[in-house]
Every structure is written in C-alpha cells, then in structure tokens.
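Hello,

Here is the structure for your files. Please open it first, then read my notes below.

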Amino acid sequence: MARRIAAVLIDLSGTIHIEDAVIPGAIDALKRLRETNVKIKFVTNTTKESKHVLHERLKRIGFGIDIEEIFTSLTAARQLIDQRNLRPYMLVADAAKEDFSGVSCENENAVLVGLAPEYFNYEHMTKAFRLLLDGAPLIAIHKGRYYKRSDGLALGPGAFVSGLEYSSGCKAEVVGKPEPAFFHSALQDLGCSPSQAVMIGDDARDDVCGAMNAGLAGILVKTGKYRPGDEGQTDPAPSHVAQDFPEAVDFLITNWLKPQ
C-alpha cells in the first residue's frame, strides 16, 4: 500500500516503555524518526498519573519529549467536563487528579471513571451507581480491558465501566482511544488529516483498529499488552505488524517517509 505519511501518533505505555523500563532501542528509534522531520504526537489512555507526572517519568528514563507533545485521555476528559460544566464524582487515581485541578466536585452531577484501583471498591462503586440511577451521565476516560505492568498484565477500567453500565442501565460516553474524536483531536493539533497519519501502538483494538476506523493507518507492535494472534482479531487488520517500536520506525522510514 503506497502512502505518504506527514504525522505519526505514538502510544506510550507498552509501545516505548513499560513503567520505568524502556522498550529496547526505543530512544534511538525515536531520534531516527525525529530526523525525518515528520510531525509527532504521543497519545495515551494512561489515567493512573497526571500528564505532568507522566512527562517527568518519560524524561527520567531518557526520552526527549516535550510535554506539549503528549495528548492524553485525561486531557480529553477535562475538555468535556469544562464544556458541559459537569461536577463529576471521580473514580480517578489520586496521582491523576492534578489534571482536574479547579473542577468542582460538590453536588456531583456526573460520574467519571479512569484507572483507579484504590477507588474500585463496593462503597465507591455503589455511590457512582446511585448517581447514575438519578440521571447523572457516565463518562469513561477509556474502557481498556487490560494493560501491561512490570509484573504482568493487569485489569483495566473497562470491566468497572461495564459493571456500572450493566447495573444502572446507562451507556458510558467514552472519550479516549478507540474513539475517532480522540485521534482527530490529536491530529488537529498537528494540522494533519487522518489520511496523512499513522498510529503505532501495542493494543490491536484500541490503538490500531481504533485509529484505522478514524481514517489513519495503523502499525501494531508485539510488545506491551500484545498477545500472540492479536493482529488477527480486529477488523480492519493492522496496516503493518512490527516486532517492536524500532522495527516500526524502520518500516516507516523505508516505506512511508522516503522523499518523493
């Protein structure tokens, strides 16, 4: 498939790092990609820490990334809350609440769910359930099924969002990947159309298939949460499958970023 790529969206956790461990070769691969002068945005569903904390982590482990290059589902959720003047009951990790500074949580009229293990207990879930029964909207920062930690795969927030949907009878509004609006917002910052862009990620459904349904190309890497056979479980299938981020960058440079 002949393409000419002007922008690259790159997932973070599982694609270029796992917690404080760098995917081997990812730092040098990112440097090679930057040398092509292609536009780059780092897009993530990470909700366990704020954008500032995430940026500090990336700098600490060796990545030269500006905070303005990071677009998170937390950012998208904050935009929605501000636009609608919502006062959310937040099932969100304490480390991520910095991104909701100034948001009123008195007399809650919405439920916001991210990855929040410390809040996923019976009392907090029941309070959220009661608010939903009273008509509050359910907003999912994302509905990830699982993610990669240093000790293995871990349950994502999707199971808890689905539980609230099931019990309350309401449907969540999802703001992060794989929603098309998430990818389009990231590309709008870069001034590129979906047909000019590619997404690189380790999640076949949320990263790659989500991006492709939004009009981008998609490259799946076999690191992070990838499990054998994932590339055959989505429709559309990935535009390309690479062993890891360095191999994905090599493919891009050789095939889609060559001067015309």
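By class, 7 nonpolar, 3 polar and 2 charged residues line the largest pocket. Here Ala, Val, Leu, Ile, Met, Phe, Trp, Tyr, Cys and Pro count as nonpolar, Asp, Glu, Lys and Arg as charged, and the others, Gly among them, as polar.

This is a predicted model: local features need pLDDT of at least 70, side-chain atom pairs need 80 or more, and totals for chains, interfaces and linings use all residues. Numbering runs from 1 along each chain as its sequence is written, and side-chain values use heavy atoms, without hydrogens and water.

**Pocket**

The largest pocket holds about 190 Å³ of space. (A pocket is an open set of points on a 1 Å grid over the protein atoms alone, where a 1.4 Å probe fits, with protein on both sides within 12 Å along at least five of seven lines; lining residues have an atom within 4 Å of a point.) H3 gives the largest share of the lining, 4 residues. Among the lining residues are Phe 71, Gln 79, Glu 173, Glu 179 and Phe 182.

**Helix pair**

Helices H4 (residues 122–133) and H5 (residues 158–168) have axes that come within 10 Å and cross at roughly 45°. (Helices are DSSP runs of H or I, at least four residues; axes are lines fitted to C-alpha atoms over the stretch in contact, with angles from 0 to 180 degrees between N-to-C directions.) From H4, Met 125, Ala 128, Phe 129, Leu 132 and Leu 133 meet Phe 160, Leu 164, Ser 167 and Ser 168 of H5, where contact means heavy atoms within 4.5 Å. That contact has 7 nonpolar, 2 polar and no charged residues.

Best wishes

Note on methods
Helix = DSSP H or I, 4+ residues; strand = E, 2+ residues; numbered from the N terminus. Points joined across faces, edges and corners; volume = space filled by probe spheres on them.
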